[in-house]
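Terms are given their cut-offs where they come up.

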Protein chains: 2
Amino acid sequence: MRPVAVIGTGKTQFGAFPDRTLRSLAVEAGRACLENAQVASSRVEAFFLGNFAGPSFTGQNHLAPYVGSALGVTGVPATRVEAACASGGSAFFHAFSSVAAGLYDLVLVIGVEKMTSQTTPRVAEILAGAGDLAGEMKAGATFPSLFAMIARRHMYQYGTRREDLAAVAVKNHANGAKSPYAHMRKVITLAQALAGKPVAEPLTVYDCSLISDGAAAVLLAPAGLASEFTARPVIVAGIAQTSDCVALDEKEDITTFPAVKRAAEKAYRMAGAGPADIEFAELHDCFTIAEIIALEDLGFVKPGEGGPYSSAGCTALTGPKPVNASGGLKAKGHPVGATGVAQICDVVAQIRGEAGELQLPRHSLGLAQNLGGSGATAVVTVLRAT
Amino acid sequence: MRPVAVIGTGKTQFGAFPDRTLRSLAVEAGRACLENAQVASSRVEAFFLGNFAGPSFTGQNHLAPYVGSALGVTGVPATRVEAACASGGSAFFHAFSSVAAGLYDLVLVIGVEKMTSQTTPRVAEILAGAGDLAGEMKAGATFPSLFAMIARRHMYQYGTRREDLAAVAVKNHANGAKSPYAHMRKVITLAQALAGKPVAEPLTVYDCSLISDGAAAVLLAPAGLASEFTARPVIVAGIAQTSDCVALDEKEDITTFPAVKRAAEKAYRMAGAGPADIEFAELHDCFTIAEIIALEDLGFVKPGEGGPYSSAGCTALTGPKPVNASGGLKAKGHPVGATGVAQICDVVAQIRGEAGELQLPRHSLGLAQNLGGSGATAVVTVLRAT
């Protein structure tokens with residue numbers, strides 16, 4: 001295994017873009033990424049596309065060569081990877097693995113989703129496919145209701161409060177308001193978050209991430225070659241993808257995601273770093289409770305302490321452990337397949353000192369955590385400055 | 001790169017199984033494979049699932065952990081790979097690469113598709129997603145009509161005859177009739193094939209592969225460890241996945257698939273073997289013309305000679321270069337995501353001498369060729385006896 005670096009990134013804005021196709025978004029991000037690294041598309045040796053449900057949202061399948069050929073990436077392995085909301089993270093994981101193992105030098109990863117062309121009920125139906133359709137979903141669950149159950153249990157078990165959930169929303173909205181890439185750029189107050197329209201109690205609209213269109217891209221190279229392309233390569237210090245059962249009712253304890261814990265352990269070991277060393281993180285806040293649980297599963301705090309930690313402002317831009325400086329899925333938006341790749345772009349932007357108004361003071365070791373469904377897939381990545 | 005061996009295989013029957021779910025088929029194949037190799041599911045270090053359109057056919061997405069957890073494969077990377085009709089081949093390619101590169105020792109690949117629960121028009125709509133939906137498909141094409149155009153051009157350019165296409169169908173039906181796994185076990189005559197109901201002229205129903213349900217699985221290990229598991233490991237001597245544009249109208253010459261040629265060149269180079277050395281092959285006969293073109297693209301014959309070669313019986317069980325002894329997609333069936341993995345199982349069965357009534361006399365070096373859409377993805381694998 002040789003060290004691997006991110007040598008380029010590219011993102012589209014996240015939002016609702018009725019006039020854009022899935023392919024045009026993916027190509028925009030891919031082109032921006034190749035330009036960022038000053039690499040011609042003909043030099044790309046393998047291409048991984050993270051996409052959750054393009055065929056269901058748009059009808060178009062066979063998406064990797066469909067996007068790749070429009071970018072000038074042909075004649076090489078072009079593969080779509082699907083792992084629900086962790087599709088982007090999984091594509092990045094496999095791209096990393098292939099470079100680390102010496103299979104290829106220059107590997108492009110794009111994550112993309114085009115969701116807003118469908119009605120909200122149809123979007124909910126498509127998203128339900130990331131859960132157990134014949135089980136929990138047939139019984140009436142939706143993703144908001146699954147995470148509402150998770151939140152209720154966390155409240156019961158640890159005394160987590162509605163205010164703690166709302167604090168996550170307030171912070172992520174505040175961060176997103178400063179990001180030119182964010183879908184929702186709107187500051188909210190704690191009172192507003194608490195008075196939000198209920199979606200699945202205790203979760204309100206302010207606890208739920210957005211239905212978005214968007215794409216993000218990353219170019220990987222062996223660290224030894226990185227200086228040919230950029231003065232600011234970012235090292236993939238640790239990474240792991242793991243899996244668990246899909247249905248929530250098959251889990252022993254719904255207040256924790258074992259796949260995240262296991263992926264974090266592996267990624268920390270590989271990076272030679274622990275949770276205390278991580279300076280900032282992009283976490284998978286598909287719902288506010290998910291950010292709180294991620295803080296616990298990643299070892300940033302003990303089980304049950306994620307709520308108070310969030311309410312105390314510890315994860316704010318000015319706190320000791322800034323989380324989702326980008327605005328997170330909550331405010332940046334959550335074009336499913338793009339999310340895991342966008343998280344990498346956002347961590348890389350911080351490490352490179354290119355995060356503009358959102359630039360954090362300590363930014364040499366960051367983490368990204370991407371979750372699929374209610375925890376059946378998890379990808380955790382540790383990135384560090386060279 | 002270390003040598004990699006197939007140490008176990010498993011297949012379900014292919015057919016129309018209204019009472020079976022996608023998951024139960026995948027689990028049946030996976031379990032048969034693990035039993036074949038005498039490996040406990042807990043020992044599997046990574047899992048790749050090849051599936052084209054499970055979410056569109058069944059609603060269920062996030063399929064890798066959904067299948068993996070039902071098999072007892074959790075806590076490891078579980079990833080679904082989609083590359084249209086080459087989804088299975090692509091999953092196998094990435095699994096191979098990960099073992100060859102030393103990332104994992106025991107890697108499970110399952111290919112699966114559950115198609116028959118949808119009406120034929122809906123199936124056609126879902127399959128159209130493997131082409132360019134906003135281009136050729138919007139203009140009225142379907143996959144049968146795209147391959148009809150390919151056939152017409154091949155006829156015009158090389159003098160290929162309807163009888164040559166029919167000869168492929170007659171052979172594959174004859175082989176499939178002898179296979180306990182085949183969806184269609186029905187011998188047909190040349191006259192019947194020629195008089196088939198037209199689908200998209202010159203293609204009749206006998207020129208088109210089947211809409212099927214089914215799954216296939218393969219377990220890979222480093223060749224150095226293979227003898228721990230089986231007395232008959234089969235070596236993956238060469239393999240490559242490549243890509244091309246998706247839309248047929250973007251291609252320069254529609255009588256050849258450059259992705260197949262390039263993948264074959266790479267796989268041959270890696271195997272240190274050429275087309276003349278290959279003793280038998282499983283080729284992607286989604287339509288009869290595709291088998292004829294594959295013979296040419298793989299270098300078994302010169303461009304334009306695939307038709308006469310087939311009519312002369314050269315690809316029959318008793319010919320010098322048996323092709324699709326399994327019955328091929330034509331008679332075995334074509335559960336899209338399963339196909340590429342089933343081809344590997346069928347080549348391995350021949351090499352191991354376990355092909356029963358279909359056992360070929362020369363069976364130490366075989367090839368599998370898996371095609372996505374009208375040539376945007378190709379995977380070519382060369383397998384040899386130890």
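1. A residue is called buried if 20 or more other C-beta atoms lie within 10 Å of its own, exposed if 12 or fewer, and partly exposed in between, with C-beta atoms placed from the backbone. Helices (H or I, at least four residues) and strands (E, at least two) are DSSP runs, numbered from the N terminus. The model is predicted: local features need pLDDT of at least 70, side-chain atom pairs count only at pLDDT 80 or more, and totals for chains, interfaces and linings use all residues. Residues are numbered from 1 along each chain as its sequence is written, and chains are lettered from A and ligands numbered from 1 in the order in which they are written.

2. Helix α3(B) is largely enclosed by the rest of the structure, because eight of its nine residues are buried. These are Leu63(B), Ala64(B), Pro65(B), Tyr66(B), Val67(B), Gly68(B), Ser69(B) and Leu71(B). After α3(B) comes Gly72(B), with a positive phi near 90 degrees.

3. How are the two chains related? A rotation of 180 degrees with 0.0 Å of shift along its axis puts chain B on chain A, at an RMSD of 0.0 Å. This is the relation of a two-fold axis. The superposition is by least squares on the C-alpha atoms of residues with pLDDT of at least 70 in both copies.

4. Chain A and chain B each give 46 residues to their contact, where two residues are in contact if their C-beta atoms, placed from the backbone, lie within 7 Å. On the chain B side, α2 (54-58), α3 (63-71), β3 (78-82), α4 (87-100) and β8 (234-243) each supply at least two residues. That side divides into 20 nonpolar, 22 polar and four charged residues. In this count Ala, Val, Leu, Ile, Met, Phe, Trp, Tyr, Cys and Pro are nonpolar, Asp, Glu, Lys and Arg are charged, and the others, Gly among them, are polar. The copies meet through the same surface, since 100% of the interface residues of chain B are also interface residues in chain A.

5. Strand pairing also crosses between the chains: β3(A) and β3(B) run antiparallel and are joined by three bridges. Val81(A) has Val81(B) as its bridge partner in β3(B). Strands are taken to pair if DSSP finds at least two bridges between them.

6. Within chain A, all five of the five residues of β2 (46-50) are buried, so this strand is largely enclosed by the rest of the structure. Ala46(A), Phe48(A) and Gly50(A) point one way from β2(A), while Phe47(A) and Leu49(A) point the other way. β2(A) runs parallel to β4(A), with five bridges, and Ala46(A) stands opposite Val107(A). Four bridges join β2(A) to β3(A), again in parallel, and Leu49(A) has Arg80(A) as its bridge partner there.

7. Chain A is assigned domain 1 (4-119 + 212-234) and domain 2 (132-208 + 237-385); such bounds come from an automatic or database domain assignment. Their centres, taken over C-alpha atoms, are 23 Å apart. Contacts link 37 residues of domain 1 to 32 residues of domain 2. On the domain 1 side, α4(A) gives the most, with eight residues.

8. Among the residues it touches beyond four places in sequence are Ala86(B), Phe93(B), Gln241(B) and Asn370(B). The C-alpha atoms of Val379(B) and Gly88(B) are 9.3 Å apart, although 291 residues separate them along the chain.

9. Two backbone features deserve a look. Most residues other than glycine have a negative phi, and most peptide bonds are trans. The peptide bond from Glu201(A) to Pro202(A) is cis, with omega near 10 degrees, and Pro202(A) sits in the loop between β5 and β6 of chain A. Phi of His62(A) is positive, near 55 degrees; His62(A) is in the loop between α2 and α3 of chain A and counts as buried, with 31 C-beta neighbours inside 10 Å.
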